[in-house]
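Here are my notes on this model. Please read them with the structure open.

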Amino acid sequence: MKHSPNSPILLTSSLHVDEARKAISQLVNELIEESKAIGDLADIETVSLDQAINRILANDLLSPIDVPAADNSAMDGYAFDSTCLGVSDATVSLKIMGTAFAGKPYEGKINPGKCLKIMTGAVMPAGCDTVIPQEFTSTQTETQIEFPQNQLKPGENRRLRGEDLQEGKPAISAGRLLRPSDLGLAASLGISTLIVKRKLKVAILSSGDELRSLDQPLDAGSIYDSNRYSLTGLLNRLNLEIIDCGIVRDDPASLKKAFIDAATKADVLISSGGVSVGEADFTKQIMQELGDVGFWKIAMRPGRPMAFGILKPVAGKSPARKTLFFGLPGNPVAVMVTFYQFVRSALLQLNGANQTEPPITQAISEAAIRKKPGRTEFQRAILGRNADGRPSVRLTGSQGAGILRSMSEANCFVILAHDQGNIAAGDWVDVALFDGLL
C-alpha cells in the first residue's frame, strides 16, 4: 500500500484529521480494486421501494416518461395566447371560454383574444402558451378578465413537457444513498422496485474486562457496554447488515478468536476499546499478526487513539477477501465521534456511494468556546435560531469523552479546525448536523 497504516509516520506521530481521512479513503479504494476480481462488493439485488431507504442505488435510474408528460400550468390562473402582450400598460381584455382541471384536459383550442381558467398542473390547452395568475388580473367576471399588457412576459407560469425529467435520461444517478425524496421520485415515475448494492456486513464487538452486558449485575469497577448499542444505531441508519460479536475479554486468545470469527463473516469489523497507548500490548500484536493494522494518534478531540487497516483473508470466508477494520476508542462519545468522522464515510465509499461526506453549514456561537490550536475538535451542540432569526449554536454542557449525555442532547457537531484558536461569542463556526431532513 502506498500509505500503509503500519507506516512509522502513522504509528509515532499525531495525524491531522484530513490526513487520516485521505489515508482511509485510499486504503478503501485499494480494497475495492482488489475485490473487483472477486466481484463480491459489486453484488446487487432488486428491492421494493419500501425496502430501499438508505440503500445505495446500483445503476442510473432512467425515467420511463417525460415529466411533466405535457405542457401544464404552474399555478392557478388563466391560460392564453401571449401575442396580445406588449410593453405598455394598455389593458388586455380576454373572454373566458371554460375551465381546465388537473387530470381533466380541456378539449379544443383557445383562439387569440380568449382565455381558459386553469388550475395548477392542468394541461395547457391548444393555442395557449402563457398563464397569468388570477390575483394579477384587475377585473374578473364569470366571462371576462382584464390586466395590463406589460403585466408578464410570454411563456410565464407554463411548465414544459420534459422540463423536470426526459424519457430515457437519468432521474437518479448510480451511487445515491437513497432518501425518502428519492423513493417518492421513483414512485412518481411508476417504478416499484430499485436495483441496489448488496448490504455490507459489518461486525461489531467491544473489548474490556470491565464491560458487562445489560442483563448482568454491575460489580466494583464494572460498567455496562453502551458502545455496541450506539454503533448498532449508527449502522442501522445506513441500513447495513450488523453482526453483533458481543463483549470480548482482555486476553490474547479470546481477542484473536473473536477477530478471526468476525473476519470470516463480515466485510468490515468495528471494535471499541483497547487502542490507547499502554493498553494491552498484545492487542496491537494480535491485530498486526492478523493483517495490516496501524495504531494511530489523531490530532483531534475527542477520539485521539484509533486503529485502522485490513485483516487478511481467513479460512472459511467465501469469497476469500480482506476485511476492513476500525479499532475505535473505548470512551462512548469518542466512539460516536470517530464513527461520524471516519467510519461512516468509509462504509459508504466501500458500498459504492458517490457522496460520502456529511454537509457542513455555519452558525453563530452563542457563547465563547475555549480551543487550543493543533488539533481538530468536535464539540457536541444544539443548532437553532437566535432572536434575529439567524442560525445559532450552543454547546450541550461538559464535553468530556465519557459523557454520553453530551451526544444524546446534541443534534450537531461544532467543528473547530486544526489551526483554530478560541471562539468568541458571536463568531461564526462550522456545524455538521447529525441527520439530514430528506
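1. Start just after helix H3, where Gly190 takes a positive phi of about 80°. Helices (H or I, at least four residues) and strands (E, at least two) are DSSP runs, numbered from the N terminus.

2. A word on the source: this is a predicted model, in which local features need pLDDT of at least 70, side-chain atom pairs count only at pLDDT 80 or more, and totals for chains, interfaces and linings use all residues. Residues are numbered from 1 along each chain as its sequence is written, and side-chain values use heavy atoms, with hydrogens and water left out.

3. H3 spans residues 180–188, and its buried residues are Asp182, Leu183 and Ala186. Buried means under 20% relative accessible area, exposed over 50%, partly exposed in between (1.4 Å probe, protein chains only). Viewed down the H3 axis, these residues fall within an arc of 100°, so they line one face of the helix. The arc is taken from the directions from the helix axis to the C-beta atoms. Their cover includes strands E3 (61–62), E12 (170–172) and E13 (193–197). Contact means heavy atoms within 4.5 Å.

4. Asn411 sits in the loop between helix H8 (405–408) and strand E26 (412–416). Asn411 is partly exposed, with a relative accessible area of 28%. Leaving aside neighbours within four places in sequence, Asn411 contacts Ala381, Ile382, Leu383, Leu433 and Phe434. Phe295 is 116 residues from Asn411 along the chain, and their C-alpha atoms are separated by 30 Å.
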